[in-house]
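This briefing concerns one protein chain. Please consult the sequence and the structure shown here before reading the points below.

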Amino acid sequence: MDQERATGPTPFTTGLTPFTVDLTFEEARRRASVVAALGPEWDPVAVLRGEDEAYALLYSGLDPEQRRTHDMLVAAGVLPGEGPGRAASP
């Protein structure tokens with residue numbers, strides 16, 4: 001009995017050629033397309049400033065109980081806190 005019949009076919013003996021794709025160029029092209037689509041009037045600093053203003057307005061005027069609840073959720077990482085990089089904790 002020969003070796004192949006005893007152990008079964010050897011993996012990847014079908015004659016297929018390995019195929020790999022480097023997506024680095026495509027990712028750079030996609031990002032450039034997004035920025036081009038935003039147009040020259042897009043101002044990222046103004047957008048961030050507007051987000052900061054909206055965030056401050058969203059949580060302004062909370063009563064003491066609401067403020068305690070908000071602070072508890074911030075401490076638990078459910079809501080983002082004040083300051084830079086306000087992403088909520090994972």
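Does His70 count as buried or exposed? His70 counts as buried, because its relative accessibility is 6%, where buried means under 20% relative accessible area, exposed over 50% and partly exposed in between (1.4 Å probe, protein chains only). The model is predicted: local features need pLDDT of at least 70, side-chain atom pairs count only at pLDDT 80 or more, and totals for chains, interfaces and linings use all residues. Residues are numbered from 1 along each chain as its sequence is written, and side-chain values use heavy atoms, with hydrogens and water left out.

**Overall fold and surface**
- The chain has four helices and zero strands; helices (H or I, at least four residues) and strands (E, at least two) are DSSP runs, numbered from the N terminus.
- Of the 90 residues of the chain, 7% count as buried.

**His70**
- Helix α4 (residues 64-75) contains His70.
- Apart from neighbours within four places in sequence, His70 is in contact with Tyr55, Tyr59, Leu62 and Leu79 (heavy atoms within 4.5 Å).

**Leu38 and the nonpolar patch**
- Leu38 belongs to helix α2 (residues 24-38) and is partly exposed, because its relative accessible area is 35%.
- Together with Val34, Trp42 and Val47, Leu38 forms a nonpolar patch on the surface, with about 320 Å² of accessible area together.
- Patches are made of residues with over 30% relative accessible area and no salt bridge; nonpolar side chains (Val, Leu, Ile, Met, Phe, Trp, Tyr) are joined within 5 Å, like charges within 9 Å.
- A salt bridge is a side-chain nitrogen of Lys or Arg within 4 Å of a carboxyl oxygen of Asp or Glu.

Conventions. Accessible areas come from the Shrake-Rupley method with a 1.4 Å probe; for residues, only the protein chains shown count as cover.
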